[in-house]
Amino acid sequence: MTLDRQEILTDSENKLVKVFLYLSFILIGIVNTFLGPMLPFLNEKWRLNDVQAGYFLAAQSLGGLLGTLVTSFLYKKFSSRWILAVGYVFIIISLLGLSSDIREIGLFSSFLSGVSLGFIIPTTTLILSQIAKENRAAAINLLNFFWALGAVLSPLIFFKLSSQTQLNYIFAAVALIGAAFLVFLFKLKNVRIASSKEKSTVSGGEKLAILFPVWLFVITIFLQIGVEASLAGWLPTFAKRITSSDWWLLVPTFYWSGFLLSRLFSSFYLRRIGEKTAILFGLVLVTIGQIIFLLTAQINIAAIGAFLVGFGTAPIFPITIAILSGKFEKKAPELLSYMFLLAGLSGMIFSWLIGYAASITGELKTALLIPLMCGLILFFLHLFFRNKTQK
């Protein structure tokens with residue numbers, strides 16, 4: 001995708017668009033992750049069991065998956081300004097829908113929030129990659145930093161929340177921020193991406209043939225995103241069941257803080273230990289952190305465990321994508337679309353699976369053994385094949 005001649009930005013316009021994109025990703029980080037810390041309050045509001053609560057998380061993942069798929073076709077028909085605008089409108093509607101007293105409206109609103117993210121996240125990333133050609137990698141890394149910052153802020157929004165009325169005020173406030181970004185979007189000039197006219201030259205059979213030798217990384221993406229979705233969605237509910245105080249919000253806050261710091265320092269430690277070692281190290285932290293918060297009844301110890309999980313989780317997906325990009329070379333853009341589709345599918349499945357397992361076993365702690373087992377499986381797979389390739 002390239003910018004048309006009339007879409008070239010001046011330096012001042014370029015900077016203004018960048019500021020808009022970076023700041024908007026704080027909001028996107030909040031919306032993308034706050035269903036997890038919001039879930040305990042929705043459980044009380046609608047008297048949800050764990051299976052029903054899992055539907056809300058799965059609905060958001062499904063919406064994100066479908067939104068991303070639809071967006072790839074919309075680029076050929078509409079300007080990115082309108083795609084972003086629809087995404088922000090969906091955010092506003094979904095937030096107002098979550099304040100409804102009708103559970104079905106809330107469930108659809110969770111789905112709609114996912115669709116909005118599927119519209120906004122890839123479109124924003126593409127716009128930034130086009131206007132930051134000389135320093136694209138650094139710009140996208142900074143964009144992800146602002147997303148993670150929003151994820152850290154997300155649980156703090158619910159601190160000292162004591163009534164459903166206050167919860168509705170939060171929905172209205174975040175919706176108002178979304179409306180402000182929507183208004184500002186139309187004040188920006190030349191916010192467009194032109195769609196590539198080239199057709200795919202890689203058949204479905206060729207894609208599968210190329211993916212087969214890297215099955216380890218395919219499994220890594222599926223299980224690792226499953227771990228992320230499980231913990232991002234269910235860790236706040238688990239933490240709230242440990243303690244009756246408001247300090248349960250420390251656990252998701254520490255989780256995303258670890259995630260944020262890991263992304264911030266990833267370029268530093270990757271140069272020293274290498275990609276494959278970083279994956280193993282991350283999986284060790286993910287496993288140790290989960291064991292810590294599953295065994296403790298103290299919220300401060302659980303927060304430390306969550307921090308370790310967040311720090312270990314953060315680099316695994318981007319490293320895996322980077323490795324696959326190197327292996328696929330010129331075919332990477334088409335083939336990696338399968339990976340993002342797989343990631344969305346994994347998030348949907350695991351979000352629901354944890355709720356279902358908790359309902360069957362009667363204990364959320366038991367259900368959270370699923371992401372722990374996924375982390376262990378990935379660790380031993382990568383350890384085995386690392387040793388095998390070194391012999």
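**Entry 1: salt bridges**

I began by looking up the salt bridges, and I find that the structure holds 2 of them. I note here that I am working from a predicted model. As a reminder to myself, side chains of opposite charge can pair when their charged atoms come close.

**Entry 2: Glu 44 and Lys 240**

I looked up Glu 44 and found that its salt-bridge partner is Lys 240, with 3.6 Å between the closest N and O atoms. The two residues belong to distant parts of the chain, since Glu 44 lies in helix H2 (residues 35-46) and Lys 240 lies in helix H9 (residues 215-242), and I record a separation of 196 residues.

**Entry 3: Asp 50 and Arg 241**

I turned to the salt bridge in which the side chains of Asp 50 and Arg 241 meet, and I read 2.8 Å from N to O. This pair, too, links distant parts of the chain, with Asp 50 in helix H3 (residues 50-74) and Arg 241 in helix H9, 191 residues apart. Is Asp 50 buried or exposed? I find a relative accessibility of 10% for Asp 50, which is under the 20% limit, so I count Asp 50 as buried. Arg 241, by contrast, is partly exposed, with a relative accessible area of 47%.

**Entry 4: how H2 meets H9**

I next examined the two helices that carry Glu 44 and Lys 240. The axes of H2 and H9 come within 6 Å, and I note a crossing angle of roughly 55 degrees. An angle of that size lies between 35 and 65 degrees, so I describe H2 and H9 as oblique to each other. The crossing of H2 and H9 is right-handed. On the H2 side I listed Gly 36, Pro 37, Leu 39, Pro 40, Asn 43 and Glu 44 as making the contact, and on the H9 side Ala 232, Gly 233, Trp 234, Pro 236, Thr 237 and Lys 240. I sorted the residues of this contact of H2 with H9 into 6 nonpolar, 4 polar and 2 charged.

**Entry 5: the chain as a whole**

Finally I looked up the chain totals, and I find 16 helices and 0 strands. The chain has 391 residues, of which 53% count as buried. Among contacts in the chain with a separation of 6 or more, I note that 83% come from residues 24 or more positions apart.

Technical notes:
Residues are numbered from 1 along each chain as its sequence is written. This is a predicted model: local features need pLDDT of at least 70, side-chain atom pairs count only at pLDDT 80 or more; totals for chains, interfaces and linings use all residues. Side-chain values use heavy atoms; hydrogens and water are left out. A salt bridge is a side-chain nitrogen of Lys or Arg within 4 Å of a carboxyl oxygen of Asp or Glu. Helices (H or I, at least four residues) and strands (E, at least two) are DSSP runs, numbered from the N terminus. Buried means under 20% relative accessible area, exposed over 50%, partly exposed in between (1.4 Å probe, protein chains only). Axes are lines fitted to C-alpha atoms, for helices over the stretch in contact, and angles run from 0 to 180 degrees between N-to-C directions. Angles under 35 degrees count as roughly parallel, over 145 as roughly antiparallel, 65 to 115 as roughly perpendicular and the rest as oblique. A crossing is left-handed if the near helix is turned anticlockwise from the far one by less than a right angle, and right-handed if clockwise. Contact means heavy atoms within 4.5 Å. Ala, Val, Leu, Ile, Met, Phe, Trp, Tyr, Cys and Pro count as nonpolar, Asp, Glu, Lys and Arg as charged, and the others, Gly among them, as polar.
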